[in-house]
Amino acid sequence: MKLFLAVTGLIMLLVSASCHAITLKLDPEIDLLVLDGRKISGSLLKGADSLELERGQHQFLFRVEKSPDSSPHNNPHYQSVPMIVTFTATAKTVAIRLPALDNRRERSTFDRTLNFQLVDEQGKEIASIRDRLPQPVGGDLEQAMLKYNRNGQAASVPRFAVQTSSMSDTQINADFAWQDVSDLPLLQRWFERFDAATRLRFLSWMKTLRAS
């Protein structure tokens, strides 16, 4: 009975979220690090070309990585500075459009000016606020973003400055451990496409069900 309720609740939650969701298109050269104040699980994005988000205000921390190429210029590996972008999502899709990053000059300009664009499904630019993240002590990007949002910086979002539980692989596995998730492989993969806030709502509901 609990399995039936869990599956039904998950379907209802995700269908409802889908009706009010936007799709974030993921470029393979973009490493999404923190979304809305929460660190993003590597397995969540592995092999995915998109992520579902609720409509409304969002904040990304990301960086761009390019592998060495075999061009005559022999460009080395490139990793951009961590970049923050805050925007309000109303379109059906959102994508980060990168400028040319084929040589050192273009890469240096990108790190200095943050000259990427957020665009919708029609290629129109979405208004956004950009900033770069100061180098975090110890490399904890989630804590660095909490501090950034608390300090009222250019792209800060105060509601993302509240400490919350990260959506880690360990937590997801632990919260699903009372059921055999092998029975629900497609549903679980669908679940992992949604943003952290939607997934946390479902896991909170499921914990309540388990305790009843």
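Residues are numbered from 1 along each chain as its sequence is written. Because the model is predicted, local features need pLDDT of at least 70 and side-chain atom pairs count only at pLDDT 80 or more, while totals for chains, interfaces and linings use all residues; side-chain values use heavy atoms, with hydrogens and water left out.

The chain has seven helices and ten strands. Both are DSSP runs numbered from the N terminus, helices being H or I of at least four residues and strands E of at least two. Of the 212 residues in the chain, 44% are buried, where buried means under 20% relative accessible area (1.4 Å probe, protein chains only).

The structure holds two cavities of 30 Å³ or more. A cavity here is a set of points, on a 1 Å grid over the protein atoms alone, where a 1.4 Å probe fits but cannot get out, and its lining residues have an atom within 4 Å of a point. Grid points are joined across faces, edges and corners, and a volume is the space filled by probe spheres set on the points. The second largest cavity has a volume of about 40 Å³. Its lining consists of Leu24, Lys25, Leu26, Asp27, Ile30, Leu32, Phe60 and Ile96. Strands S1 (21-25) and S2 (30-35) each supply at least two of the lining residues. By type, the lining has six nonpolar residues, no polar ones and two charged; Ala, Val, Leu, Ile, Met, Phe, Trp, Tyr, Cys and Pro count as nonpolar, Asp, Glu, Lys and Arg as charged, and the others, Gly among them, as polar.

Leu26, one of the lining residues, is found in the loop between S1 and S2. Leu26 counts as buried because its relative accessibility is 19%. Its C-alpha lies 5.0 Å from that of Asp49, 23 residues away in sequence. Leu51 is found in strand S4 (residues 50-54) and is buried, with a relative accessible area of 1%.

His58 is in strand S5 and counts as buried at 4% relative accessibility. Its side chain is joined to that of Asp36 by a polar contact of 2.7 Å. A polar contact is a pair of N or O atoms within 3.5 Å; within protein, one must be able to donate a hydrogen and the other to accept it, and residues adjacent in sequence count only if both atoms are side-chain atoms. Leaving out residues up to four places away in sequence, His58 touches Asp36, Leu53, Val85, Thr86, Phe87, Ala89 and Phe160.

Helix H4 (residues 141-150) is mostly covered, with seven of its ten residues buried. The cover over these buried residues includes S2, S3 (38-39), S5 (56-66), S7 (83-89) and S10 (128-132). At the start of H4, a side-chain oxygen of Asp140 reaches to within 3.3 Å of the backbone nitrogen of Glu142. After H4 comes Gly152, with a positive phi near 65°.

Key. On a 1 Å grid over the protein atoms alone, a cavity is a set of points where a 1.4 Å probe fits but cannot get out, and a pocket is an open set with protein on both sides within 12 Å along at least five of seven lines; lining residues have an atom within 4 Å of a point. Buried means under 20% relative accessible area, exposed over 50%, partly exposed in between (1.4 Å probe, protein chains only). Contact means heavy atoms within 4.5 Å.
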